[in-house]
Structures are given as structure tokens and as C-alpha cells.
Amino acid sequence: MPQRKKIGIFLCSCGDTISKAVNFKKIIDYFKSFKEVKLIEENSFLCKPETLFNFKKKIKDNNLSGLIVVACSPQLKGTFFKKAVEEAGLNFNLLSLVNLREQCAMVYKEKESSTKSAIDSIASALRRIKLQLPIASKTVKIEQNTLVIGGGIAGLQTAINLSKLGHLVVLLERESFLGGNININSVSLIKYDHNNINLKEVVNKKIEEVNNNSQIQIFTQAELIKLEGSVGNFKATIEIKDKDRKKEIKNLNVGSVVLATGCQKFFPSEKYGINLSSQIISQTQLQGLINSGNDSFKGISSICFVSGIICDDQRLKGDELLKQVLFLTTNYKIQIYIICKNVYVAEDGLEEIYQQAREKGIIFLKYDQKKPEIKLRTSTNKIEVSLYDPLLGKDFYDEGKELVISCDLLVLEEEIIPAPGTKKLSEILQISCDEEGFYQQKNISLQPVFTNRKGIFVVGACRGLKNVIQTLDDSGMVSLEIHNLLKEKLVKYNLDRAIVDDDKCTLCLTCLRTCPHKAIQLDQDEELNQVKIKINDLACEGCGICVSQCPASALNLSKYEDDQIIAEIAVQMT
Amino acid sequence: MNLKNKNEFIPQIVVLCCENSAYRAADMAATLGLSYPEIIKIIPFPCIGRVDERHILHALENGADGVMVMGCLEGSCKFLDGDVRTKKKIVYLKKTLVEIGIGDARVEFLHIAPNMGAKFLELVTEMNKKIKELGPLF
């Protein structure tokens, strides 16, 4: 039988916030009679330095082995009291916090009911603290280098940032050159600044910086084919092709992985029902024509742009389109029509460009539910687009009139999709993808660069549409997160994560499938020659989903064991 | 068996809270200066996915008249799918409760965000009213 705990109960009146709503005298009288309660006392502000000093002293003097602090919400002062208890030489799990201020004193109108509720909560904490055991901590050695996949602007910037923070970086690029999308005609896919900064120069500078950095190791024509282990100790297998297309396999030990695989443009002919020709081109092709020089627009007097047919979200493409048309009107004096659902100007400086475009004589036409029809008239060799503009009013169409735009060249917008190989990589890394095929972030607003696996991060356009400024922000964010994670060689952590009882485990693998963070793996025990479940403590985040799903009750979460939860519920009900 | 008069019946409601959302919402309700109609018992969980059917059945067995299981808003679970899993468990549990004659109104799964203090009170009041109409469980 375990030794009876000596428990101390510290009540905090929080000035008079708690004491005026709850009858402290009644509580003290009630708990004095309990055998295991060695000490029960009232303090005015437990979080004040002087009172905290006395609190630590009393723990030592009375040789207490269990503590109940009755104060404010653990969300506010939880870590603060845990730290104080550790300093007094007691394990943090031997402390139980009762939230008397927020969830009792402040929410009940009558003193009687709040006192009753307070007694119930303290009694259940008392019952629970008897079941709580000290939680040990463990130290492990981790790898401090990072594997960055993708040599585009996102990957380059992340590698530079990490090397500045003192980490070794391995940069993988599938192609034989660095730079990513910057090398394709779709330069305007990436917005850098509204000032005329040449993006290509910026990227070339970054490539040079990466090449000259001794902390960054670059592998071109290399792909990740296998990843084992978990955060801090990933074992990556990469395949490198040399000039003669010979394959070489290399094993690397890395602490974290950054995905910066980016996106690509794709013309969905099936969705449009149109094939590209000399008169119907995509936006990338148009950019190619612009880049190639003066003669490309000979004999063209009008161009029509149609956008919004395949997808509504044009935050980035709107910017690209407006820049292209401004360039064309200024330099070639071509009449331009833009047929779209809505003009999206929700970004810095876009409104100004739109105004300029209107002033230059570009005609914007709106369509609604009905999609514009595209026809090629062979007699005049012109393309005709007929549309239903709701702004013209119903009368216009009732009279049998029709709005038809005829032009020499038709430009259609493209879809932005994840880079090829994104799906394959997500399967290798066991991370989830969203509906459009981009890597899914853990929480879109709180943890945007995290994935469901700890230690694997996503940067830039591979997690959704991003322009260059957003991508650079991302890489800064990721670099700091990785530095935070891997700054020290040895990591100390508490063993308050899920624990598996090998005797009860029937190897049904339910936990392996349910774990959202893929922290559970199968492990071969070579001594006993059997397979068993292994939970990686660093990757486990202690959510307890596997514990409640385990059909054999073989898993346990030491801070939230079934016994403890049930005891807490049972005592609260009496 | 405790046969109370329906007029003086005080419902015993257990609220199983996710520490990342509902528990904070309860704190928020206090900060906003709101007050609960009757005593509720708040039990914290690291994620609502930790909740087991047994915990709810234990609560009902030990004298709870209603159990509220409160998790994060859909799609914003810190641990990706904890709320979805527990929601499924509750659907299954409700079927069992109907079979044994308790009915499916005493257990409810609800979504809440940490900044929804007033909503927390609203949901608790609603549950309180519902359980009061149903009367004591045992």
C-alpha cells in the first residue's frame, strides 16, 4: 500500500475577490477534519513574492507530498505555480490547481452555492491528488540540422535564415538549377513589390549567397524517397542523379524538415472546353510574348482577357493581369477588354493600378452567373466573346440586343495548382493535404506553418496561394520556430505523454491510425524478437485521442488517467 | 432513490471541457461578469478527443442529470480531429442511451471557441432549462 500523502491546501483570497464570494471559514473547518490534510491556510495574494517565499518554505518545513492551490484559473497562473513547486523540491504533478476565482467565486450569485461548489471542487482535487504520481523527465540528444526541400525563393530564404541562426542546412532541388518558378516565363506569378524591382536579380543574389555559404549543402536533381523517425531524429533517404543519370542513394540524419515545394500554373483545357491555339493563349504564354520583345504584337489591335471562369479566387492573378495590361497599353497601344466577375483589388497598391488602367482606356466588363461564350469567326479571323453584363439592365437584352466583344487575341487565365510530386511527398512524409492538393497547415490562423507532424514545416506557395512577400514572411517564421525547437543539443522533456502498456496491447494498430501527429510507430524489439508499439515522446503532444480510442485500454496519459477523471467526476457529484 | 419535488429540483450538470476552448470560454464568462443559473461541474480535458463514453456513463451513474461535452469549433481543433471523433462517440452513445430508456436529450455535444463567454452561459442555461423540464434522472 502506498504511503499516505501529506497534503497541504493553500487558499488564496485574491485580495477579496474570492473571499467575499466564498465562505473560507466553512471550507477550512470542513477540510481540517481530513486525516491526510496536514496544512490548510488562507493567504491574501499567493502570487506575491513574499507570500510565495513563505509558500515554498512551508512546503519544505512540513515535508508535504501533495499540494492543492485554490486560486485563479490554471490558464493564468498554472505554469507559475508549477515552477514555484519545482523550486521547492516537489514534482510538478503533485500540485493540483482548483479554479476557484473564475469558475466559482465570480459566477455564482449566492454565497451559499459558491461555497458548496468550492467544497466539491476541493474535495475532488483532494481525491485526485492522491492518485497523482510524480512525473519524471528525460533528456535526449537531437540533430540540429535541417532538410529543406525545394530550391525556389521560399527554400532559399529559409536556408539563408537558418544558416544565420547557426544551423546546418541541406537543400534539395529536383531540377538541375536553383530558383524554381523564376526560371519559367511566369515571372509575374510572383509578386515582389509594386516598385519596379527586378525579381530575377533578387533571386540570383540569393542563389549566389546560398552557393557561397559553407553551412548550406546543396543537392540538385535530388529527391526525398524515404523518411523515418520523428522530430529531432529524422532519418532521410535521398536519391541524387548525376550527369549520366546514375542514381546515388544517400542517408541523412536531420532534426527537422521544411517543405518549400511551391506551386505551378496549369491550363485546364477540359474545364474550359477550349484548346490553346495561336489566337487563344494562356497568361504564361502572353508573358512569354511580352518578354520576347517588340515584334510579337504586330497586327494585333485588340486583346480580350477572360477571367473568373474556372475559379473565383483571383487575389494574386488580378495583380498579374492588371500589370500585364498596363504594360501592353503603354507600350503597344492595343485596345484591351477585361471580362471578369469581379475585380479584386484587396491588396496593397492594387487599387492604384486599377485606377491607372481605367484612365488608360482599358474597358472592364462584368458578367454574372452566365458564363461568356467564346467563338472563332473564320470569315474575319477574329474571336468573338458574347456575354451577359448585368449592369446594362434587363431592357437592353429584352430588345433582342446582344453584347459581343470581338478581338484579335484572347487570353485565358490559368489555375494555380501544387507543384508536381506534392502528393507523392505528402505520402512519404505522412502529412495531410487539403482539397486542392496543397499541404494542409495545422491551424490556419494560429499555426500556419506547422503540419500535423511535429518537426515538419511548410513554407510559401506549397501551403496555398502566396505572393513573394508572404513567402518571405513564412520563411522567417519557420526559421524562428526551428531555431526554437533545435537550438540546444540536448532536450529535456517531461514524461507526461501517452504511455503504452505492452502486456495489455493486442497490436490492433488503432492508435497508429488515429494519432493525428503520427507519433506512434511500430518497433521491432530484437531481444525478444517481437513487434511492439512505440510512442515517440518528443512528437507526442499529449492530446489523449489514442487513449480514448484504444479498445484494450492499453494506453494511458499520466496526467489524465481514467481513474483520475472518473474519481473527479464521482466526487463532484456527491 | 431521490424523489425530489419538480419545483425544487436542481439539475446536476457536468460539463466536460476541452482546455483549449470550452475551459477558457468558462473563464471568459466569469471575466465578463456573467453568472450561472445553477451549480455546474466543470471537468477539464487536454483535448475533447480524450473523452471516453465511460466518463459520460460514470457521470450519469453517479448522479448527473445532464452531461455537456464541449469541444472546439469545427475545423479548429488544436489536435486536428479531436472534436470530430468525440462527436461520433456521442452519436453512438445516444443510441445506447435511447435503448436503455434514458433518452438522448441528456447528453449533448457542443462546439465553442475560447472567446465565446456569453455563448457558454447561453448553452449552459439552455441545458439547465431542458434538464429541468425532463426532471431528475434517478
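Reader: Let's begin with the β9(A) and β10(A) hairpin: which residue in the turn has a positive phi?

Author: Bear in mind that this is a predicted model. Strands β9(A) and β10(A) run antiparallel, with 6 bridges joining them, and 5 residues sit between them in the hairpin. The turn residue with a positive phi, of about 80 degrees, is A:Gly229.

Reader: And what is the bridge partner of A:Glu228 in β10(A)?

Author: β10(A) covers residues 234–241 and is antiparallel to β9(A). Within β10(A), A:Glu228 has as its bridge partner A:Lys235.

Reader: Moving along, how many bridges join β10(A) to β11(A)?

Author: These strands make a hairpin too, with 5 residues between them, and A:Arg245 there takes a positive phi near 60 degrees. A:Ile240 stands opposite A:Glu248 of β11(A). The strands run antiparallel, and the number of bridges joining them is 8.

Reader: Over in chain B, B:Leu80 is another non-glycine with a positive phi. Is B:Leu80 buried or exposed?

Author: You'll find B:Leu80 in the loop between β3 (66–71) and α3 of chain B, with a phi of about 70 degrees. The cut-off for buried is 20 or more C-beta atoms within 10 Å. B:Leu80 has 21 such neighbours, so it counts as buried.

Reader: Now for helix α13(A): why do its buried residues line one face?

Author: The buried residues of this helix, which spans 422–429 in chain A, are A:Thr422, A:Leu425, A:Ser426 and A:Leu429. Looking down the axis of α13(A), you see them line one face because they fall within an arc of 105 degrees.

Reader: Which strands do the buried residues of α13(A) pack against?

Author: The face turned away from the buried side carries the exposed residues A:Lys423, A:Lys424 and A:Glu427. Just after the helix comes A:Gln430, with a positive phi of about 60 degrees. On the buried side, the packing partners in chain A are β9 (222–228), β22 (415–418) and β23 (456–458).

Reader: Zooming out, what distance separates the centres of domain 3 and domain 4 of chain A?

Author: Chain A is divided into domain 1 (7–135), domain 2 (146–264 + 417–490), domain 3 (268–413) and domain 4 (495–558). Taken over C-alpha atoms, the centres of domain 3 and domain 4 of chain A are separated by 57 Å.

Reader: Which element gives the largest share of the side of chain B that touches chain A?

Author: The contact takes 34 residues from chain B and 31 from chain A. On the chain B side, the elements giving two or more residues are α1 (22–31), β2 (40–45), α2 (53–61) and α3 (82–99). The residues of that side divide into 17 nonpolar, 9 polar and 8 charged. With 5 residues, the largest share comes from α1(B).

Reader: Last one: what distance separates the C-alpha atoms of B:Phe120 and B:Met28?

Author: B:Phe120 sits in helix α4 (residues 117–134) of chain B, and with 30 C-beta neighbours inside 10 Å it counts as buried. Beyond four places in sequence, its contacts are B:Ala22, B:Ala25, B:Ala26, B:Ala29 and B:Ile112. B:Phe120 and B:Met28 are 92 residues apart along the chain, yet their C-alpha atoms are separated by 8.8 Å.

Key
Residues numbered from 1 in each chain as written. Chains lettered and ligands numbered in written order. Predicted model: local features only at pLDDT ≥ 70, side-chain atom pairs only at ≥ 80, totals over all residues. Buried ≥ 20, exposed ≤ 12 C-beta atoms within 10 Å, placed from the backbone. Helix = DSSP H or I, 4+ residues; strand = E, 2+ residues; numbered from the N terminus. Arc of directions from axis to C-beta. Contact = placed C-beta atoms within 7 Å. Nonpolar A, V, L, I, M, F, W, Y, C, P; charged D, E, K, R; others polar. Domains from an automatic or database assignment. Pairing = 2+ DSSP bridges.
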